[in-house]
Amino acid sequence: MIRVQSVAPDSLGAELGLFPGTELLAVNGRALEDFLDWEFLTAEDAFLLLARLPTGEAVEYDVERPEGLPLGVTLEPPRIRRCANHCDFCFVDGNPAGLRETLYIRDDDYRLSFRYGNFATLTNLKPWDETRIVEYRLSPLYVSVHASDPVIRRWLLRNPEAPAIIPQLRGFAAQGIEFHAQVVLVPGVNDGVELVRTLGDLWSLGTPILSVSVVPVALTEYSKHELVRPPRRAECRAALGVVSDFATRAVAERGHPWCFGADELYLRAEETLPPAEWYGDFDQRENGVGAVRYLQTRIAAARAGLPDLRGKRIAIATGTAMGPLLPQVVTDLERAIGATFEVLPLENTLFGSAVTSAGLLPGAAFLAALRDRRDVDLALLPAEAVNDDLRFLDQVSAEALAARLPMPVRFSYDFADALTERGTGGAAVPAAFRVPRSALGEVDR
Ligand code: SF4
């Protein structure tokens, strides 16, 4: 059973008489378990919907709708499928106390993998899930492989029940499901010959494996350091060598690199990132693969529409991972708008210095870095660091932060977005800095 959270006014759902709290029970006699059932079973233009209104009354609707007209129904959030593993490097274990509740959920949910690109291990699939993946063609899925050797993978996942991943992927692939895969690199466990074996086994599955990324394990000060450590520079270089060998072969045989190192792997190896073209459609950008080159392409594309902000000083607050890489990103931006950018790589005061991602910075870190910076005209903060309610991981609201800063702030995914959304009113009057707070990313003091 799924429940309606809201119904858009003047929509078909409102016309039918659906309300928030209405339970959606079945479509064409098939019980509804979650949003996937709802979306796939109501994709037809005509269907029978069985529902129970908040009054308790059961109603059957004979729905007919013009092609493509949405029902206008938003469902309550799904119950997240919990993880069956206990990885030593699990980020949930690396969380300190007192964060948003959702940060303590170990999600391992193929539905979110399909919808949002979250990586799932597929270790908690029931036969019913496997059937749905094929029936609904949930493809591509993002899967954490880590190691193709079942024993090593079970050790990494701390799950003796984890099924062998290669036969599992092969079975799905035979039924038309495709995958983006990742290997979280744990030195001494799945690097070296095991990395070669894993990439070779994935390669042998053929084109259903669309891409593979190799990502260095990320740890916090709260992680189980007695059990796992981050890879050293030489180990990252060795891993990039393996990645390069497979990518070279893939380009020759399939016409695209297929195998990618995460930006952080290059950073730790102190090696130069490949050019933007190498990453194709940046399929694993959200996984930190090609993120820097993606930013550069976004800035280049927006360049013509950027305002003239000569004489302004703009601070970019980010994590320590991006800090050393950003100067190459903002150089073009500086040339285009005349402003001076200052990159502020912030230590993560919540998780510790080992956590380097901008999206995991707490509000307190931004406050400490910016509260005395009266020489800054505008601060750009990473949009990934706040949730939909504009709250940081430490529950600080963006509004509360902005009230304590001496400059306006904007949230930005790629810098260019924050500078081109609105007109500036001319070079000397950066009106963009003063427009009222918008729910989508600007906070006035
Ligand atoms: S798969 Fe491992 S890292 Fe991911 S949530 Fe489960 S225990 Fe944590």
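Predicted model: local features only at pLDDT ≥ 70, side-chain atom pairs only at ≥ 80, totals over all residues.

Numbering starts from 1 along each chain as its sequence is written, and side-chain values use heavy atoms, without hydrogens and water.

**Entry 1: the count and the network.** I got 23 salt bridges by this rule. I then looked up which residues are linked in a network, and found Asp34, Asp37, Asp109, Arg111 and Arg132.

**Entry 2: Asp34 and Arg132.** I read 2.6 Å between the closest N and O atoms of this salt bridge. Asp34 sits in the loop between strand E3 (30–31) and H2, and Arg132 in helix H4 (residues 127–135), so the pair ties together parts 98 residues apart in sequence. Helices (H or I, at least four residues) and strands (E, at least two) are DSSP runs, numbered from the N terminus. Buried or exposed? I found both Asp34 and Arg132 buried. My cut-offs were under 20% relative accessible area for buried, over 50% for exposed and partly exposed in between (1.4 Å probe, protein chains only).

**Entry 3: Glu39 and Arg115.** Their side chains meet in a salt bridge at 2.4 Å, N to O. Glu39 is in helix H2 and Arg115 in helix H3 (residues 110–116), 76 residues apart. Glu39 is partly exposed at 34%. Arg115 is partly exposed at 31%.

**Entry 4: Arg52 and Glu23.** I found a salt bridge here too, with the closest N and O atoms 2.4 Å apart. It links Arg52 in strand E4 to Glu23 in strand E2 (residues 23–27), 29 residues apart. Arg52 is partly exposed at 34% relative accessibility, whereas Glu23 is buried at 15%.

**Entry 5: Ser113.** I placed Ser113 in helix H3. Ser113 is buried, with a relative accessible area of 1%. A polar atom of its side chain lies 2.8 Å from the backbone nitrogen of Tyr142.

**Entry 6: negative patch.** Which residues form the negative surface patch? I listed Glu44, Asp45, Glu60, Asp62, Glu64 and Glu67. Patch residues have over 30% relative accessible area and no salt bridge, with like charges joined within 9 Å. I located Glu44 in the loop between helix H2 (35–41) and strand E4 (46–52).

Terms used
Patch = residues over 30% accessible without salt bridge, like charges linked within 9 Å, V, L, I, M, F, W, Y side chains within 5 Å. Areas by Shrake-Rupley, 256 points an atom, 1.4 Å probe, with all protein chains shown as cover. Salt bridge = Lys/Arg side-chain N within 4 Å of Asp/Glu carboxyl O. Lys, Arg positive; Asp, Glu negative; His and termini not counted. Charge placed at Lys NZ, Arg CZ, Asp CG, Glu CD. Polar contact = N/O pair within 3.5 Å; in protein donor to acceptor, adjacent residues only side chain to side chain.
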